[in-house]
Amino acid sequence: MNNAIIRLICGSVLLLTSCTSIGPSSVVRDRFDYVAAISDSWKRQMLQNLLKIRYSDAPVFMDVTTVISTYSMEGEINGHGELAREGRGDTFVSAGFGAQYSDRPTITYQPLSGSKFARSMMTPIPVTGVLAMIQGGYPADIALRLCVNSINGIANDYGGQGNPRVGSPKFHELMTALKQAQTEGGPGFRIMKTKGEQSLMMFLHPSSLQEGTAGRRFRELLGLDLTAREFRVVYGSFPEPDAQIAIMTRSVFQVMIDLASQIEVPAADIAEGRVYNPQRTAEQQRMFPPLLAVHTSPSPPEDAFLAVRYRGQSFWIDDRDQQSKLMLSALMLLFSLTESVSTQAAPVVTIPAR
């Protein structure tokens, strides 16, 4: 018996001395776990804020600015005993072992408010950002439908409360033509410097000059020179004749208002006047179908892509709805297009996660 206890003590000592640092092994686990948690919470926050806008409530954003995770592991082994000849009653051996492990992450949140809120939410999306989305592979019709109010005075559809607008059939045709031109290998964009100023230029493939092509129809709709291949792109409502493409972009808040108007809500909430109910004709639905499909039910399906609880109901996005998933990720991308460095830090709230 005494030998067994002694062997236990020796084995424990060897075990502790052979332990390596817990730091390196935590990097892989923490990096991916925190990324997954922050991504999931950001998507849920975005969907819940869309629901708040749908119900005429104020959206609130809280950014995760820093994550600091600290670990500690401590061990202790002690033993004492007294050995005597057999038959003696005072013979005894005792051993002790103790260990302590702690994980204390500190997560810092920063509310989106003041000047930062104005920059991120109310500032028009840069024209370069919209064109970069198209150049980067986003469908041209989706980028225009989502981010643009008008092009050369041709109005997009808008379902927001307070200032709803019926989209022009020409805008629908314009989106279709640009999407087709994108499929055929154009348009392209470049920055040109003239007299110390930078100009954003759009150029179309030479084949688009031919009769009946999408590029030619794009020029016709915008009133551009049918023989030109390159046009200057500016921010504004109306361009110089034949020479420019004037794009009036939306703010992120306008984009959210328009998407929120497309969310499905319980019929009882509409009947009782609890929620804004946009009125859309069948022709509007055909030319400008909803970009985001958010369903409502008492409980979400188990395989829902994203689900949140709001006003006692579950609102969710189907995991098979690729367009709605794309719209949510595009909306999150738009925040980075309007973000700039702040000159003054907003107040922060630090909460230790225990």
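The protein holds eleven helices and twelve strands; helices (H or I, at least four residues) and strands (E, at least two) are DSSP runs, numbered from the N terminus. This is a predicted model, in which local features need pLDDT of at least 70 and side-chain atom pairs count only at pLDDT 80 or more, while totals for chains, interfaces and linings use all residues. Residues are numbered from 1 along each chain as its sequence is written, and side-chain values use heavy atoms, with hydrogens and water left out.

Me: Where is Q262 found?

Reply: Q262 lies in the loop between α8 (252-260) and α9 (267-271).

Me: Why is Q262 called buried?

Reply: Buried means under 20% relative accessible area, exposed over 50%, and partly exposed in between (1.4 Å probe, protein chains only). Q262 has a relative accessible area of 17%, so Q262 counts as buried. Of the 354 residues in the protein, 39% are buried.

Me: Which residues does Q262 touch, not counting residues up to four places away in sequence?

Reply: Q262 is in contact (heavy atoms within 4.5 Å) with R145, P290, L291 and L292, when residues up to four places away in sequence are not counted. A polar atom of the Q262 side chain lies 2.7 Å from the backbone nitrogen of L291.

Methods: Polar contact = N/O pair within 3.5 Å; in protein donor to acceptor, adjacent residues only side chain to side chain.
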